[in-house]
Each structure stands twice: as C-alpha cells, then as structure tokens.
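The exercises below concern the spaces, the ligand site and selected residues of one structure.

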Amino acid sequence: MSEIIVSVKELEKTYKTESENLTILKDLNLEIERGKKITIVGESGSGKSTFLNIIGGLDNPTRGSVRCGSYDLINLDEKKLSDYRTHFLGLIFQFHYLLKDFTALENTFLPSIMAGLPKKEAAEKARQLLCDVGLEKRVDHLPSQLSGGERQRVAVARSLMNNPELVLADEPTGNLDPENAKMIGELLFSVVDKYKKTLLLVTHDMNLARRGDLCYSIKKGKLELV
Ligand SMILES: Nc1ncnc2c1ncn2[C@@H]1O[C@H](COP(=O)(O)OP(=O)(O)O)[C@@H](O)[C@H]1O
Ligand SMILES: [Mg+2]
C-alpha cells in the first residue's frame, strides 16, 4: 500500500507589493508517495523556491492546504513547526550554509545535537553519512579546506542526520560546475535511495530533474507532468 506523505491542495501564493498583487502559485496540487523522488523544473522566477519554502514551513501560502505526514502546515504553532523542521525534514539549498569554524563531522552532526542525541552517537552516525558521500578522509576538515563539491556533499550528509521523512532540495547543484553538479546529483539520489527517503527537489537543470521517479514543471503557477 502506498502512503501519501505530502498532500498539497489548491495552493495559492500571492505576494502583495505596493503597486500590484503578484500571484506566483495558483491552484497547485501535488501528492507525493512515501519513498518517491519527485523533481520540479521551472525557469528562474517560476516559483520553485516559493513552493519549496512553503513545504519547508518557511513561508505561508495565501490559500489552500498543505499536509506533510501528520503535520497540517497551515495550522502549526511554533512548537510543532520546530518539531516538523527538526524531525520530519532534511534541507539542502544551493548554498551549503556550513558553519565555518566547525569541521565536516561537526557540521554534519550539529542538527542531531540540537535534537538531543548524545554526542558520541551523533558523531558515529555523522561519520557513516560522510562515508556514504565519499568524505571519509575529510571528516576533520573545515569548510575552507574543502572544495565546493565537497562542501555540498557535507550538506547532503547533514540533511539525513536526523533521519527525516522528507528531503527538500532547492537547486542543490546550482552553485557547482557541470562535473561537480553531475556528481552531487548522483550522490544525492543514491543516498536517498540507500536510506529509502522521500525526495522533493527543484532545479532548473533538466538533466538532474530527469533522475526523479516523477518530474513536473511549474508553469503559470501550476504543476504539469513532464
Ligand atoms: N517576498 C517577495 N515579494 C514579492 N515577490 C516575490 C517575493 N519572493 C519572491 N517573489 C517573486 O516570486 C517569483 C518566484 O520567485 P522564486 O520562487 O524565488 O522563483 P524560482 O525559485 O523559481 O527562481 C519571482 O518573480 C520573485 O520575484
Ligand atoms: Mg529559486
């Protein structure tokens, strides 16, 4: 039996600016089954980040419903929202957001320490994840001692640290050269497979998007299967 872990219904997002109302997403519907890898392509400005930020609990829709697991994102109080972001989600962005004074290992296990996991356990798990992304020889390196691709590999490892239900990736290869972009794409899909995670990834890179089980494009605020 397939289980729907993300259900978005009649979503609308309108930005109100001084001169006009900008409706970026309109009548957008999406259901994601557990374990599927879903990708969304769209031109710059089409609303990809807006959509992902809503699923990530970073922004509110103007209208519609968003349900992820047992969380109704429209009616989350602060405590539940923090719970959702800590335990349900793993996030990867275009920029790695690693802390510069912490090693690859520490950057990877930090989310688990914040979630209350004992340090020894957290470090062991982080070591395994860094090994999964091919960084076993770089665990004690600072971000400044890593290449761009390697930093993004740490970000991939970190996103899985709290054993999330859903991994959200916003242009995870957007800052990388083509070779590294291809490598990070492969790596991300392979670790998501290994840990049987659900992935929602947005990108303007069609080659990356094609790796999804289902690929959508955002057009005029709606999703269409590609
Ligand atoms: N806070 C905001 N206020 C007004 N317009 C915004 C705001 N955030 C994003 N937009 C507009 O919404 C559109 C979609 O942005 P975004 O979701 O970042 O696109 P993408 O990630 O696909 O490049 C853009 O035209 C952008 O200018
Ligand atoms: Mg974007």
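## Exercise 1: The enclosed space

A search of the whole structure finds one cavity of 30 Å³ or more. On a 1 Å grid over the protein atoms alone, a cavity is a set of points where a 1.4 Å probe fits but cannot get out, and lining residues have an atom within 4 Å of a point. This is a predicted model, in which local features need pLDDT of at least 70 and side-chain atom pairs count only at pLDDT 80 or more, while totals for chains, interfaces and linings use all residues. Residues are numbered from 1 along each chain as its sequence is written, chains are lettered from A and ligands numbered from 1 in the order in which they are written, and side-chain values use heavy atoms, with hydrogens and water left out.

Task: Determine which residues line the largest cavity.

Solution. 
- Step 1. The largest cavity holds about 40 Å³ of space, a volume being the space filled by probe spheres set on the grid points, which are joined across faces, edges and corners.
- Step 2. Its lining consists of Leu-52, Asn-53, Leu-58, Leu-91, Ile-92, Phe-93, Leu-168 and Asp-170.
- Step 3. At least two lining residues come from each of α1, β6 (89-92) and β7 (166-170). Helices (H or I, at least four residues) and strands (E, at least two) are DSSP runs, numbered from the N terminus.
- Step 4. By class, the lining has six nonpolar residues, one polar and one charged. Here Ala, Val, Leu, Ile, Met, Phe, Trp, Tyr, Cys and Pro count as nonpolar, Asp, Glu, Lys and Arg as charged, and the others, Gly among them, as polar.

## Exercise 2: The ligand site

Solution. 
- Step 1. The shell, taken as residues with a heavy atom within 4 Å of the ligand, comprises Tyr-15, Ile-24, Glu-43, Ser-44, Gly-45, Ser-46, Gly-47, Lys-48, Ser-49 and Thr-50.
- Step 2. A polar side-chain atom of Lys-48 is 2.9 Å from an oxygen atom of ligand 1, and one of Tyr-15 is 3.3 Å from a nitrogen atom of ligand 1.
- Step 3. On its own, ligand 1 has 570 Å² of accessible area, of which the protein covers 59%; such areas come from the Shrake-Rupley method with a 1.4 Å probe.

## Exercise 3: Two serines

Task: Decide whether Ser-46 is buried or exposed, and find the side chain that Ser-49 contacts.

Solution. 
- Step 1. Buried means under 20% relative accessible area, exposed over 50%, and partly exposed in between (1.4 Å probe, protein chains only).
- Step 2. Ser-46, in the loop between β3 (37-41) and α1, counts as buried because its relative accessibility is 16%.
- Step 3. A backbone N or O atom of Ser-46 lies 3.2 Å from an oxygen atom of ligand 1, and a polar atom of its side chain lies 2.7 Å from the backbone oxygen of Glu-43.
- Step 4. Ser-49 belongs to helix α1 and, at 33% relative accessibility, is therefore partly exposed.
- Step 5. The side chains of Ser-49 and Asp-170 are joined by a polar contact of 2.7 Å. A polar contact is a pair of N or O atoms within 3.5 Å; within protein, one must be able to donate a hydrogen and the other to accept it, and residues adjacent in sequence count only if both atoms are side-chain atoms.

How values were computed
1 Å grid on protein atoms, 1.4 Å probe; cavity = no way out; pocket = protein on both sides within 12 Å on 5 of 7 lines; lining within 4 Å.
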